[in-house]
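Let's take a look at this one together, starting with the ligand and then moving on to a sheet.

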Amino acid sequence: MEKSPEVIALFLACARAGAIFLPLNTAYTLAEIEYFVDDAEPKLIVVAPQRISQLVDLAVHKGAMLLSLGVAGDGTLMEAANQQNGAFRDVSLGWDDLVAILYTSGTTGRSKGAMLTHGNLASNALALVETWHFTEADTLLHALPVYHTHGLFTATNTLLLSGGTMLFRPKFDAEEALRLMPQATTMMGVPTFYTRLLQHPGLTRKATTHMRLFISGSAPLLAETHAEFAARTGHAILERYGMTETNMNSSNPYDGPRIAGTVGKPLPDVDIRITDPANSSPLPVGEIGMIEIRGPNVFKGYWRMPEKTAEEMRADGFFITGDLGRIDDNGYVSIVGRGKDLIITGGFNVYPKEIETEIDLIEGVVESAVIGIPHRDFGEGVTAIVVASNGTPPTEAAILAHLQSRLAKFKLPKRVLFVDDLPRNAMGKVQKALMRQTYSDLYG
Ligand code: ATP
Ligand code: MG
């Protein structure tokens with residue numbers, strides 16, 4: 001289904017009826033949908049009217065009912081709904097009952113279905129309304145997709161609970177966002193929303209005076225983006241951290257310093273700890289390790305993947321996120337990358353973010369991604385993929401020369417490759433797994 005208010009109505013109807021809502025990325029092909037239908041065995045499939053014919057055979061074969069929902073609130077789902085008498089008594093449900101299965105973004109491998117309960121969603125919405133000071137006076141500029149946790153739960157549940165208003169846009173467009181800001185008070189976005197706003201000359205202090213809060217998440221916000229945005233508008237973007245399996249975990253403060261490059265402190269009732277990936281023991285303040293999360297926000301497990309669930313849950317209730325990070329003296333959490341992106345070269349651990357930060361500081365570099373590629377001698381070879389600016393792009397040799405004075409030898413990239421853009425998915429996440437595939441033969 002394409003994004004529309006009726007999609008949210010359908011989610012709420014599921015919540016009240018005790019059904020489980022399972023939204024899917026609108027970009028999926030029939031073959032991909034087949035996988036999810038096989039995995040989830042839905043009773044009812046709702047699709048955009050123009051895709052009905054594509055899905056008829058599959059629905060019949062799986063014994064699922066098939067209805068349509070269009071962006072204008074049209075389609076057979078709404079026709080059927082309009083024939084109901086409107087009186088409905090909510091099915092009695094508990095905090096622990098399932099309400100949704102959301103698939104992860106598939107950044108590190110095949111998407112996994114995260115089983116989420118009413119308690120997971122309710123506790124997180126309560127925490128976010130409080131933390132971000134949402135009230136019924138708020139209007140959220142909503143340009144995110146609603147098949148992902150960010151646009152669906154972080155944004156929508158928070159606004160529904162606070163009684164505020166949402167301006168639903170099908171996708172993000174900087175020009176349109178600037179035009180709507182005088183009617184809005186808040187925006188939630190992925191970092192690319194902010195970099196695109198910064199490229200627009202209309203982004204000024206005046207254009208954003210009606211806004212009280214800009215929130216970013218789903219991928220790392222560069223400290224530089226944070227600083228430039230503050231210089232242009234006077235707003236310090238508030239960065240937070242979450243994931244499909246846990247909803248939101250931490251947030252920079254509403255009142256108090258919003259520190260660029262950090263994702264702030266744990267939300268109310270959420271515990272965050274850092275453990276040693278080698279032996280899982282808790283690490284002291286400041287050290288980098290695996291981020292683990294415990295709280296009412298943590299999901300019930302992966303749908304039909306009990307072994308995977310068991311691997312990622314500790315006996316004391318902590319969920320192993322797969323993200324590496326540290327917590328500083330003041331309790332702020334920083335993410336340094338994903339465990340799967342850690343590079344092991346010649347027996348040394350290399351954290352890509354450290355190298356990326358150094359490369360991004362070089363004149364003429366727009367952004368970079370550092371990945372490990374199979375290497376005969378080193379196991380993995382540190383490799384930098386760089387997007388250079390149009391003006392005076394640096395050379396591979398110049399970048400390496402600069403890094404030599406800044407980083408230990410084992411951390412230095414073996415090669416620096418230039419690309420026009422880093423591959424990103426709809427949530428603005430850099431696709432490192434894809435890049436590792438693309439360049440897998442680089443070192444022979
Ligand atoms: P998969 O689990 O299928 O590989 P995914 O982890 O990208 O995909 P999501 O659940 O959509 O799927 O994303 C959660 C991840 O996004 C987090 O584990 C973290 O790596 C990243 N993330 C979220 N917010 C931030 C942030 N503010 N800064 C850096 N990374 C973030
Ligand atoms: Mg994940």
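A polar contact here means a pair of N or O atoms within 3.5 Å. Keep in mind that this is a predicted model.

| Side chain | Ligand 1 atom | Distance |
|---|---|---|
| S105 | oxygen | 2.6 Å |
| E239 | nitrogen | 2.9 Å |

How much of ligand 1 does the protein cover? On its own, ligand 1 has 640 Å² of accessible area, and the protein covers 96% of that.

The shell around ligand 1 counts 21 residues, and G106, T107, T108, T244 and D323 come nearest. By type, the shell splits into six nonpolar, nine polar and six charged residues. Strand β9 (238-243) gives the largest share, with five residues. β9 and β16 each put in at least two.

β16 also belongs to a sheet. Four strands make up this open, antiparallel sheet, in the order β12-β13-β15-β16. β12 (271-275) and β16 (333-338) are the edge strands with a single partner each, so one side of each has no neighbour in the sheet. From one strand to the next, the twist averages 50°.

What joins β15 to β16? Five bridges do, with β15 covering residues 319-327 and the two strands running antiparallel. Across this pair, L324 faces G337 of β16.

How values were computed
Residues numbered from 1 in each chain as written. Chains lettered and ligands numbered in written order. Predicted model: local features only at pLDDT ≥ 70, side-chain atom pairs only at ≥ 80, totals over all residues. Heavy atoms only, no water. Pairing = 2+ DSSP bridges. Axes fitted to C-alpha atoms, helices over the stretch in contact; angles between N-to-C directions. Near = heavy atom within 4 Å. Polar contact = N/O pair within 3.5 Å; in protein donor to acceptor, adjacent residues only side chain to side chain. Areas by Shrake-Rupley, 256 points an atom, 1.4 Å probe, with all protein chains shown as cover. Nonpolar A, V, L, I, M, F, W, Y, C, P; charged D, E, K, R; others polar.
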